[in-house]
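Me: I'd like to learn how to read a few features off a model, one at a time. Give me the general idea each time, then the case at hand.

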Amino acid sequence: MTVLLLLAAIVAKTQGAYDEVRETADGEIVVMRTFDWEIEGQRAERVTVHWLLQEDGSMRYDFDRQPAATQDVHRRSCALRAMQPSRGVGLISGEGTIHGFSCTDLR
């Protein structure tokens, strides 16, 4: 059992994503995922994204709930495509999924 846990930790470390799970005062579960967000043509930046765990196991991304540094990287990633961060709710799910974000066209 200890060996399996050690191997899982090594795999997560080599992928560059680290999770911290917290429960909010109102009972919501927040997964704070720290990873290197790659921006086209620039150096990757280490950010922490706050995902809200849903009952079905998916995780919800809400731009307005993100730390300032995460919002900034999201803005710059979208700006490369002449877009802005979507203000709606985004969801990710599935084994091995680390991150996802969405942009909205400025036109």
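This is a predicted model: local features need pLDDT of at least 70, side-chain atom pairs count only at pLDDT 80 or more; totals for chains, interfaces and linings use all residues.

Reply: Let's begin with the nonpolar core: a set of buried Ala, Val, Leu, Ile, Met, Phe, Trp, Tyr and Cys residues joined through side-chain atoms within 4.5 Å. Buried means under 20% relative accessible area, exposed over 50%, and partly exposed in between, using a 1.4 Å probe and protein chains only. Residues are numbered from 1 along each chain as its sequence is written, and side-chain values use heavy atoms, with hydrogens and water left out.

Me: How many residues has the largest nonpolar core, and which have the most contacts inside it?

Reply: The largest core holds 13 residues, and those with the most contacts inside it are Phe35, Trp37, Val47, Val49, Trp51 and Tyr61. Elements E2, E3 and E4 each give two or more residues to this core. Those labels are DSSP runs numbered from the N terminus: helices (H or I) have at least four residues, strands (E) at least two.

Me: How many aromatic pairs does the count come to?

Reply: The rule takes rings of Phe, Tyr and Trp (its six-membered ring) whose centres lie within 6.5 Å; planes under 30 degrees apart are stacked, over 60 edge-to-face, and the rest tilted. Here the count is 2 aromatic pairs. Phe35 and Trp37 have ring centres 6.3 Å apart and planes at 15°, so that pair is stacked. Phe35 and Trp37 are both buried. The other case to look at is Trp51 with Tyr61, a tilted pair at 5.4 Å centre to centre with 55° between the planes. Trp51 sits in strand E3 (residues 45-53) and Tyr61 in strand E4 (residues 59-62), so this pair ties together parts 10 residues apart in sequence.

Me: Are Trp51 and Tyr61 buried or exposed?

Reply: Trp51 is buried, at a relative accessible area of 1%, and Tyr61 is buried too, at 4%.

Me: Now the strands. What runs between E1 and E2, and how many bridges join them?

Reply: Two strands pair if DSSP finds at least two bridges between them. Strand E1 (residues 18-23) and E2 run antiparallel, joined by 6 bridges. For a landmark, find Val21, which stands opposite Val31 in E2. The hairpin of E1 and E2 has 5 residues between the strands, and there Gly27 takes a positive phi near 90°.

Me: Which residue has a positive phi although it is not a glycine?

Reply: That's Ala82, with a phi of about 55°. Look for Ala82 in the loop between H2 and E5; at 43% relative accessibility, Ala82 is partly exposed.

Me: Which residues does a disulfide join?

Reply: A disulfide is a pair of cysteine sulfur atoms within 2.5 Å, and the count here is 1. The link runs from Cys78 to Cys103, with S to S at 2.0 Å. With -80° about the S-S bond, the Cys78 and Cys103 link is left-handed. Cys78 belongs to helix H2 (residues 68-79) and Cys103 to strand E7 (residues 103-105), so the pair ties together parts 25 residues apart in sequence. Cys78 is buried at 0%, whereas Cys103 is partly exposed at 22%.

Me: How many salt bridges does a search of the whole structure find?

Reply: A salt bridge needs a side-chain nitrogen of Lys or Arg within 4 Å of a carboxyl oxygen of Asp or Glu. The search finds 8 salt bridges. One of them pairs Arg46 with Asp36 at 2.8 Å, N to O; Arg46 is in strand E3 and Asp36 in strand E2 (residues 29-37), 10 residues apart. Arg46 is partly exposed at 46%, as is Asp36 at 36%.

Me: What links Arg76 and Glu45?

Reply: Their side chains meet in a salt bridge at 2.6 Å, N to O. Arg76 lies in helix H2 and Glu45 in strand E3, so the pair ties together parts 31 residues apart in sequence. Arg76 is partly exposed at 27%, and Glu45 is partly exposed at 28%.

Me: Where do Arg87 and Asp64 lie?

Reply: Arg87 and Asp64 form a salt bridge at 3.7 Å, N to O. Arg87 is in the loop between strand E5 (83-85) and strand E6 (89-92), and Asp64 in the loop between E4 and H2, 23 residues apart.
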